[in-house]
2 protein chains.
Amino acid sequence: MSNIFKPYQASADLFKILAHPARLTILSILRDGEQCVCHIEAMLKLRQAYISQHLKVLKDAGIVSVRRDGWNMYYHITCPEVFVVIDTMFALSGHPEPIPHAHSNANCPCPKCHPEAGLPVSRQVIHSSE
Amino acid sequence: MSNIFKPYQASADLFKILAHPARLTILSILRDGEQCVCHIEAMLKLRQAYISQHLKVLKDAGIVSVRRDGWNMYYHITCPEVFVVIDTMFALSGHPEPIPHAHSNANCPCPKCHPEAGLPVSRQVIHSSE
DNA sequence: TGAATATATTCGACATTCCGAATATGATTA
DNA sequence: TAATCATATTCGGAATGTCGAATATATTCA
């Protein structure tokens with residue numbers, strides 16, 4: 001492509017990665033520590049494959065990495081600097097400060113959130129919150 | 001779309017605007033003051049219509065505004081806060097500080113750069129720089 | 001080994017963006 | 001008014017992104 005664009009190509013590419021609300025939401029969930037896919041799934045109530053696709057984009061961009069633990073894949077942030085960009089943009093678009101990620105352990109079936117951690121999610125008892 | 005994304009939609013939209021090297025380059029030119037389209041054209045050596053298309057995107061997003069002066073349209077930044085985001089991203093992608101925009105007046109035929117300002121560009125004498 | 005589980009990949013339809021070519025618009029000068 | 005000038009818009013094809021459905025993979029348990 002045009003040679004003039006060269007210095008801004010990398011920035012533009014990274015902006016493109018951030019230009020999707022699903023990915024921004026996923027990053028906000030990973031922000032305060034690693035989470036497995038099923039946790040993200042439970043939080044966002046979105047299809048697993050859909051989340052996996054976005055996680056792949058983030059991973060290919062070097063923003064997150066994965067660690068396997070038994071059945072589960074735990075994703076974590078490897079480039080926390082992106083949050084400086086994201087927070088600035090978030091403030092710019094009307095939000096004074098980042099939204100804290102509410103870990104609603106009660107409704108999340110993943111082994112990290114659930115008391116009976118380690119059991120297959122399908123065998124865990126979901127505690128109704130009332 | 002999904003309700004969960006709502007808080008991040010505006011941020012994602014703005015990221016999308018910034019996710020193009022041509023637009024980042026144009027913004028860097030406008031950074032230190034308004035410029036007419038033909039100045040941008042001369043700096044980037046790109047087709048006029050192409051630049052106009054990107055300027056429209058930036059204008060629709062509320063990042064720049066236009067002022068007419070005779071034949072020329074002068075664009076200027078109306079949302080300088082975006083540079084906080086851009087600079088942060090630029091630093092993140094390997095550049096310690098923003099690239100200063102070199103106004104090479106000698107080669108730019110626009111009325112703002114040229115000594116015989118006010119004449120149609122086509123009638124101006126381009127001073128070779130040697 | 002085979003079934004169950006969490007997650008990943010592939011495929012395809014659809015939407016959007018990119019960008020060149022051609023043309024239109026609106027201001028200015030003769 | 002007609003020609004000229006800077007800039008804008010429209011159109012269309014190619015490339016890319018989105019996202020659902022189906023399927024594949026790797027791990028663990030029985």
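**A chat about a predicted two-chain model**

Reader: Let us start with Q35(B): buried or exposed?
Author: Q35(B) is buried, because its relative accessible area of 5% falls under the 20% limit. Please note that this is a predicted model.

Reader: Where does Q35(B) lie?
Author: Q35(B) belongs to strand β1 of chain B, which covers residues 35-36.

Reader: And which residues does Q35(B) touch, setting aside those up to four places away in sequence?
Author: There are contacts from Q35(B) to I29(B) and L30(B), to M73(B), Y74(B) and Y75(B), and to H103(B) and K112(B).

Reader: What about R68(B), buried or exposed?
Author: R68(B) is exposed, because its relative accessible area of 58% is over the 50% limit. The residue sits in strand β2 of chain B, residues 64-69.

Reader: What lies 3.1 Å from a polar atom of the side chain of R68(B)?
Author: That is the backbone oxygen of G70(B). As for C36(B), its C-alpha is 9.1 Å from that of R68(B), although 32 residues separate the two in sequence.

Reader: Changing topic: how many helices and strands are there in chain A?
Author: Chain A has five helices and three strands. Along the sequence they follow the pattern α-α-β-α-α-β-β-α.

Reader: What share of chain A is buried?
Author: Buried residues account for 43% of the 130 residues in chain A. The chain exposes about 6,900 Å², and carbon and sulfur atoms supply 56% of that area.

Reader: And the contacts in chain A with a separation of 6 or more: what percentage comes from residues 24 or more positions apart?
Author: Such pairs make up 51% of those contacts.

Reader: Now the interface. How many residues of chain B are in contact with chain A?
Author: The number is 36, and they meet 36 residues of chain A. About 3,400 Å² is buried between the two chains, and carbon and sulfur atoms give 82% of this area.

Reader: Which helices of chain B each supply at least two residues of the side that touches chain A?
Author: They are α1 (6-18), α2 (21-30) and α5 (82-92) of chain B. Among the elements of that side, α1(B) gives the most, with 10 residues.

Reader: Which members of the largest nonpolar core touch the most other members?
Author: F15(A) and F15(B) do, in a core of 78 residues.

Reader: What is F15(A) in contact with, apart from neighbours within four places in sequence?
Author: In chain A, F15(A) is in contact with V85(A). Across in chain B, it is in contact with F15(B), L18(B), A19(B), L24(B), V85(B), I86(B) and M89(B).

Reader: Which other residues of α1(A) are buried?
Author: Besides F15(A), the buried residues of this helix are Y8(A), S11(A), A12(A), L14(A), I17(A) and L18(A). The buried residues of α1(A) pack against α2 (21-30), α4 (48-60) and α5 (82-92) of chain A, and also against α1, α2 and α5 of chain B.

Reader: Back to charges: how many salt bridges are there over all chains?
Author: The count comes to six. One of them joins R67(A) to E34(A), with the closest N and O atoms 2.5 Å apart. R67(A) is in strand β2 of chain A and E34(A) is in the loop between α2 and β1, so the pair ties together parts that are 33 residues apart in sequence. R67(A) counts as partly exposed, at 34% relative accessibility.

Reader: What does E34(B) meet in a salt bridge?
Author: Its partner is R67(B), at 2.5 Å from N to O. E34(B) lies in the loop between α2 and β1 of chain B and R67(B) in strand β2, so this pair links parts that are 33 residues apart in sequence. R67(B) is partly exposed, with a relative accessible area of 35%.

Reader: And which residue forms a salt bridge with K56(A)?
Author: That residue is D60(A), and the closest N and O atoms are 3.3 Å apart. K56(A) is partly exposed at 49% relative accessibility, whereas D60(A) is exposed at 54%.

Conventions. Residues are numbered from 1 along each chain as its sequence is written. Chains are lettered from A and ligands numbered from 1 in the order in which they are written. This is a predicted model: local features need pLDDT of at least 70, side-chain atom pairs count only at pLDDT 80 or more; totals for chains, interfaces and linings use all residues. Side-chain values use heavy atoms; hydrogens and water are left out. Helices (H or I, at least four residues) and strands (E, at least two) are DSSP runs, numbered from the N terminus. Buried means under 20% relative accessible area, exposed over 50%, partly exposed in between (1.4 Å probe, protein chains only). Contact means heavy atoms within 4.5 Å. Accessible areas come from the Shrake-Rupley method with a 1.4 Å probe; for residues, only the protein chains shown count as cover. A nonpolar core is a set of buried Ala, Val, Leu, Ile, Met, Phe, Trp, Tyr and Cys residues joined through side-chain atoms within 4.5 Å. Buried area is the accessible area (1.4 Å probe) that two parts lose on being put together, summed over both. A polar contact is a pair of N or O atoms within 3.5 Å; within protein, one must be able to donate a hydrogen and the other to accept it, and residues adjacent in sequence count only if both atoms are side-chain atoms. A salt bridge is a side-chain nitrogen of Lys or Arg within 4 Å of a carboxyl oxygen of Asp or Glu.
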